[in-house]
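Thanks for coming. I have one structure to go through today, so please have the viewer open.

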Amino acid sequence: MNNKPKVGLFVTCLVDLYRPNVGFAAIALLEKSGCEVVVPETQTCCGQPAFNNGDRASTIKIAKQTIEAFSGFDYIVAPSGSCAGMLKHHYPELLMDQTQWSDRASEFATRVFELTCFLVDIMSIDLSQTRFDSSVTYHDSCSGLRELNIKAQPRQLLGNIDGVSLNEMEDTEVCCGFGGTFCVKFPEISERMVSDKVALVEQSGADVLTGGDLGCLLNISGRLNRMASPIRVYHVAEILAGMIDEPAIGEPTSTNTQP
Amino acid sequence: MEAKSIQFKRNAVEALDDPNLQAALKFAKDGFIGKRTAAVAQLPEWNSIRNDVRVMKNHVLDNLDHYLLAYEAAVLANGGVVHWAQTPEEATDIIATICTDMNAKTVAKGKSMVGEEVDLNAALEKAGVVPIETDLGEYIIQLADEPPSHIIAPAIHKTKEQVTGLFHEHHRQYGLHEKITDRAGLVAEARQVLREKFLTADVGITGANFLVAETGQHVLVTNEGNGDLSSVLPDTHIVIAGIEKVVPNLDDASALLRLLARSATGQHFSNYTSFISGPRRAGDTDGPKRFHVVLVDNKRTEMLGNELRDMLRCFRCGACLNHCPVYGSVGGHAYGWVYSGPMGAVVSPVMIGLENAPDLPHACTLNGRCSEVCPMSIPLPSLLRRHRQATFERQLVSNASRYGLTFWAALATRPRLYQLFTQSVIILLSRLGRRRGYFKRLPLAGGWTRSRDLPAPQGKSTFMALYRQRRQSL
């Protein structure tokens, strides 16, 4: 009999589109920690673009679809604090008034975790065999930090890896200016915020910027690239899984092979 | 003042290009945040007080009519008069009438955000009464003819050099011709000019930080003592306050005071905290002869009855402004009206109409730092989302963004179609940008690429497509 916890991976739309490596890294980490991982095919996005732009009706439809897609799993894990926060906190709020859904959404929420929290708090993963020789700085993404209290877990995991030195940047808890559609609706303000962030990333002296949310990383990486900075950007799951053979975010592909 | 919130985007761009403003904002941000953090760290019971006052304020809001009537009765018993104003016009009419009945020529004003909200100075001037702001920051922006750009530091956007210029221009009429350039000298000159104004003012008008229902007192917190002089020296004292300012008793006011200065300026306590009980009593050696309170609604009862009710706990400390990265980038004037920052983005659309400020609730990354520091535990991001929902439902957002969202939502609720679509997009994007790794420019992505490159997708396939291939090959 299989006693492994059964985890449904919520891939997140940005990982699906931009960085499949993060999804495979998440699977590798979850399997390494002792889980059985399945990726339900009826998932799309957590619904934040609709939720944060005021389209409540569409958000509710997406919420129900996601809850359906992940029924039957012991845990639902996402490599993103922002999406996990949406599933864990905002789905129950959105479905609070719908009698046949409110209990279901609350029960669903208890099974939802962000990847690094899950690996530390639930699975106590052992990463002692992993190696990454780099100085790393970690950007605390806002939703993960404030909705899910993700702060110690990714640092603990990075600390377990041989060769990693953590160079904390100043104001690591300050928003990078991504904010979902904010960055395209208010590009000038977003530019100021990401410029401030990039300055602090550079001041940290780290060779690599990492974090738990691809949205923020795409934003900061895009600005670093525009400023011709040599700092490389990886999602924390890629580093933890040792899957850093892929070019970093925003770097050209060196070969023509698929991952 | 005329609201300019409708042009938030333009205001913001101008603010970002204003080097004086940017220097002032940076200076202010560094000071406020560090001082608050230190002050809060020194109070181990911070979170427990925070929790208690949230419960207390919610109780007051649940029983607002009761506490307001109790406050009114107590003020009457102390010899004062209470006036009720539903609209800004009613509030300013009441105050202007009191002033003209007294044949008042000048009014000494303490800093009052609700006074700004109802545009009191303009109404007084129209009635032939000269209002003189006595808070240094308010005085500076009155000379500059500008609205405040911060709740507790209204002239935060002004540099020392700009203040030198304003004083040099306006103080000549008092025979002060020297151009003063040092901070202490500027403060001394303002004090000299204002002292005379206090002594000759016919009426004093102040706000109130709290109204105490049990005693009829109001609490006034300042760092300059100007509120006290405005209250005590003139023969008539008028207090203007929003109806949400009432608290049951002195213990409740004390609990709020423990949070207020720490949140606002990082002080343990403001320099002056006064409990003012109304007009001069028999045997008192000073104090006003007449005492009025004007209680202002201005949409507050509307908020009491809708999903923005939590906002009525706000006691205007400004912590959310100080910690907001958007406010820190563009300053207060960009918001186009009296209130700014996160609290302003919630309150202004209510008071001036969402149709006149549709961008404000959207000009936020929902990073949540504001509610993290809010001493009254107001869930500001959730309240901003409520406004966003209204902008969507009332079609106050651009058509492009509405149609884009509708199209996206139609896809996101159809997983198979969604995956076909995303896979085609990735094939296209990877053809265009994979070799380079990023895009410098891309159609429809100008907002992104003006200031940053757009990383190209990692490969030629979405995760879902790769995952399916992998499963089939097993």
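Predicted model: local features only at pLDDT ≥ 70, side-chain atom pairs only at ≥ 80, totals over all residues.

Chain A first. Its secondary structure comes to 13 helices and 8 strands. Along the principal axes, the C-alpha atoms of chain A fill a box of roughly 50 × 50 × 35 Å. Now take the contacts in chain A with a separation of 6 or more: 77% of them are between residues 24 or more positions apart.

Next, the sheet. In chain A there is an open sheet of 4 strands, with parallel pairing, in the order E6-E5-E7-E8. Which strands are at the edges? They are E6, residues 162–166, and E8, residues 232–235, of chain A, and each pairs on one side only. From one strand to the next, the twist averages 35°. Look at strand E5 of chain A, residues 131–139, and strand E7 of chain A, residues 208–211: they run parallel and are joined by 4 bridges. For His139(A), the bridge partner in E7(A) is Gly211(A). Helix H12 of chain A, residues 214–226, packs on this sheet and touches E5, E7 and E8 of chain A. The direction of that helix makes about 175° with that of E8(A).

Now chain B. It is divided into three parts: domain 1 covers 1–42 + 323–397, domain 2 covers 46–301, and domain 3 covers 409–473. The centres of domain 1 and domain 3 of chain B are 33 Å apart, taken over C-alpha atoms.

Last, a helix of chain B, also called H12, residues 250–264. With 15 residues, H12(B) reaches 21 Å from its first C-alpha to its last, close to the 21 Å expected. Its buried residues include Leu256(B), Leu259(B), Leu260(B) and Arg262(B). What do the buried residues of H12(B) pack against? Among their partners in chain B are helix H2 (19–41), helix H3 (46–62) and strand E6 (218–222). After H12(B) comes Gly266(B), with a positive phi near 80°.

Technical notes. Residues numbered from 1 in each chain as written. Chains lettered and ligands numbered in written order. Domains from an automatic or database assignment. Helix = DSSP H or I, 4+ residues; strand = E, 2+ residues; numbered from the N terminus. Expected span 1.5 Å × (residues − 1). Buried ≥ 20, exposed ≤ 12 C-beta atoms within 10 Å, placed from the backbone. Contact = placed C-beta atoms within 7 Å. Pairing = 2+ DSSP bridges. Axes fitted to C-alpha atoms, helices over the stretch in contact; angles between N-to-C directions.
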